[in-house]
Amino acid sequence: MNNPHFYSTLSGTPSTQITDSTDYPHSGLVKILSQANRGNYAVKTATDFNITFSTANNFTTIAVTAGKVYRDNKLHTVTALSATEMNTSYNSGTGAVDVTPVTNDVYLMLVAIDGGGSNDTMVLRGSNSTTNTIPAFVDGDVPIAIIKIVGGSADDATSTSTRMVQYFTTSKTENSVSIGYENSNAYTEAGAITGTSDGLFISGIGTATVASADKVLIQDSGSSDVIKTVTASSIAALAPQGDITSVVAGTGLSGGGTTGDVTLNVLDITVAEFAGSSIQKSTGSFADNDTTVMTSAAIDDHIIGKGYTTDTQLTTEAVQDIVGAMFSSNTETRVAATYDDSSGKIDVVVDDMTANDNTFRTITAGGNTLGATETLAFTAGSNVTITESNGAVTIAASGGGGSGDIEGITTASNSGLAGGATTGTPSLSLDINNLTAEAIASGDTIAFNDSGDNGIHKESIDDIATLFAGDGLTASSAVIAVNVDDSTIETNSDTLRVKNNGIGTQHIADDAVNSDKLADDIIIASTLEVTGTTILNDDLVVAPTKTLLATRLPVVALTASTTLTESDHAGRYVFVTGSSIVITIPDNQGAGVHFTIINNDGNGFTLRTNSGSGAGDNMNGAQTDIAVAARNGVTCISTGTDYVVLGV
């Protein structure tokens, strides 16, 4: 049997809560409640504490699935109780007790006890020597259920009538702690400790500035993880000692500070500040790389080492020889450049004046192309300035030239407008969301566009209400009211409704009520009169001792041989006229389908089933045709497989 997770009634299938007529107050309930008040009770997991009774070695066995309990408000896991024989050698954990056989009712208590290990175990309390009494608890027991062994039952009984269970479990699946205080004679929560999938969550915690004497909760690993307090200063003392308290700029640096982010800047650096290998001095050998800086002395030594003189003055002839050599070896295009050493001059002569393969670009300004002799010039117009610097031309607007020029359009709050700009061409649009909300009332006005003159005008709400008040409506002080005659229709508590007894027969059309408008049950106080044809889509049932009165049935006239159908002929008077007429009643009709066939002249007719004599359903136990005499009639009633024919 499954654990219902509440205090159940004592039953073979405990699925309902405690019932007064069954579980009237007794000592067991008091004991259970006393343990629960102490904090000893079961909580809900998946399939916890389900009990199964079976049989082994001629004794009833009990097996209980694992679960979890609170013992003194501390959560414990309880291991499952494997199938155990409930015999005289049953060991409850505290010694052998007798649980079978029983002559009177015996009550056993299933409890979770401290197993002395990581998990709790389950045992039964009780003995067959104590009948009609709930067994006593042992200190620390967590109650799970009461099991009733019905007196006189077999030792190996397992039925729900002889092995009954009353659960004392709960559907508790979470636990929170609320901490509150009294406020104006009412409970006010100051905070709570709540369990989440991530751990504990504590609400209602205030904030403060940390001081050295403030205390912090820790879990002391050196004292079995006991929760203790330490001061903020003692936590700070755990940080590495010798912390930097200030930064002072030394040689070649500036900046520094004692708090916050500190910045250092590099000042003029001398050779002394560089590492020995990073500066090439005059006494060292030359290093040809991109990582070594040479002193001026080292550079001078290097030049001298290459054979250069330290005399920086060249003779005129030396300079001319150098320049002349440059011209004599150079290649020129459409020009000849030579050096005359006798005169010390450079001669440049154009040798081709006809070539014109330079590239030109046409310049167009204001739609006109500049001629070969024209010069492009920029002229500042109104509110424009033109400046030039190092060949760069800047054209800028210089502001409005007129008095009171609009420099921008903005929309104010509650203006009813949206848009605007400070440059370009601003646009504005109507925006009712930019208006202050206000309740409209009689006498207020609204703007509207008149279709007559296409102009914007204003009109009062009262006039609008009058415009909207058509037939059956009256406007007064901007309120539209519905006109009622107060005899058929009335208003009640701002609701328009049909007045009691206000609808008479003169208000209902003759064909207004049909089968769609009628409920399943119709109660007629006196007489129901129906004119025309009424089709019922369900059975018409007349209560016992009541009478269904029909003064006549519809008539169907036949003048030729015909096979009858339920839809056209059943439940009617079928009048047959003519000679040699064969009336065929259909096969396989539902039980109760009936046909009444009457000869309406002196010829009579032949009655058969299916399509010929000796075929189809039986008629009065046979399949032969039946001859119906002149001015006579028969009633054929289907039994579902055959027909009973009355009148022959």
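Mentor: Ile461 belongs to helix H5, which covers residues 461-468. The model is a predicted one, and every value below should be read with that in mind. Ile461 counts as buried because its relative accessible area is 14%, which falls under the 20% limit. Setting aside neighbours within four places in sequence, Ile461 has contacts with Ile440, Ala441, Asp444, Ile446 and Ala478. Ser477, 16 residues away from Ile461 in sequence, has its C-alpha 8.4 Å from that of Ile461.

Helix H5 also takes part in a surface feature. Leu467, Phe468, Leu473, Ile480, Val482, Val484, Ile489 and Leu496 make up a nonpolar patch on the surface, and their accessible area together is about 700 Å². At least two residues of the nonpolar patch come from H5, and at least two from strand E32 (479-482). One of the patch members, Ile480, is located in strand E32. Ile480 is classed as partly exposed because its relative accessibility is 36%, a value between the limits of 20% and 50%.

In soluble globular proteins, nonpolar side chains tend to be buried together. The largest nonpolar core here has 25 residues, and within this core Ile51 and Ile62 touch the most other members. Two or more residues of this core come from each of strands E2 (51-56), E3 (59-64), E7 (106-113), E8 (121-125), E9 (142-149) and E10 (163-167). Strand E9 makes the greatest contribution to this core, with 5 residues. Beyond its neighbours within four places in sequence, Ile62 is in contact with Ile51, Thr52, Phe53, Leu81, Ser82, Ala83, Thr84, Met86, Leu124 and Ile147. Another core lies apart from this one; it has 21 residues, including Leu564, Val574, Ile626 and Cys636.

Strand E37 (residues 573-576) and strand E39 (residues 594-599) run parallel and are joined by 4 bridges. Within this pairing, Val576 has Asn599 in E39 as its bridge partner. Strand E39 is also joined to strand E42 (residues 633-638), here in antiparallel fashion and through 5 bridges. Ile597 is placed opposite Val634 of E42.

A further local example is Tyr339, in strand E21 (residues 335-340). Tyr339 and Gly324 are 15 residues apart along the chain, with their C-alpha atoms separated by 5.4 Å. Not counting residues up to four places away in sequence, Tyr339 touches Gln320, Gly324, Gly344, Lys345 and Ile346.

The overall figures place these details in context. The protein has 6 helices and 43 strands. Of the contacts between residues at least 6 apart in sequence, 39% join residues at least 24 apart. The protein exposes about 43900 Å², and 52% of this area is supplied by carbon and sulfur atoms.

Technical notes
Residues are numbered from 1 along each chain as its sequence is written. This is a predicted model: local features need pLDDT of at least 70, side-chain atom pairs count only at pLDDT 80 or more; totals for chains, interfaces and linings use all residues. Side-chain values use heavy atoms; hydrogens and water are left out. Buried means under 20% relative accessible area, exposed over 50%, partly exposed in between (1.4 Å probe, protein chains only). Contact means heavy atoms within 4.5 Å. A nonpolar core is a set of buried Ala, Val, Leu, Ile, Met, Phe, Trp, Tyr and Cys residues joined through side-chain atoms within 4.5 Å. Accessible areas come from the Shrake-Rupley method with a 1.4 Å probe; for residues, only the protein chains shown count as cover. Patches are made of residues with over 30% relative accessible area and no salt bridge: like charges are joined within 9 Å, nonpolar side chains (Val, Leu, Ile, Met, Phe, Trp, Tyr) within 5 Å. A salt bridge is a side-chain nitrogen of Lys or Arg within 4 Å of a carboxyl oxygen of Asp or Glu. Two strands pair if DSSP finds at least two bridges between them.
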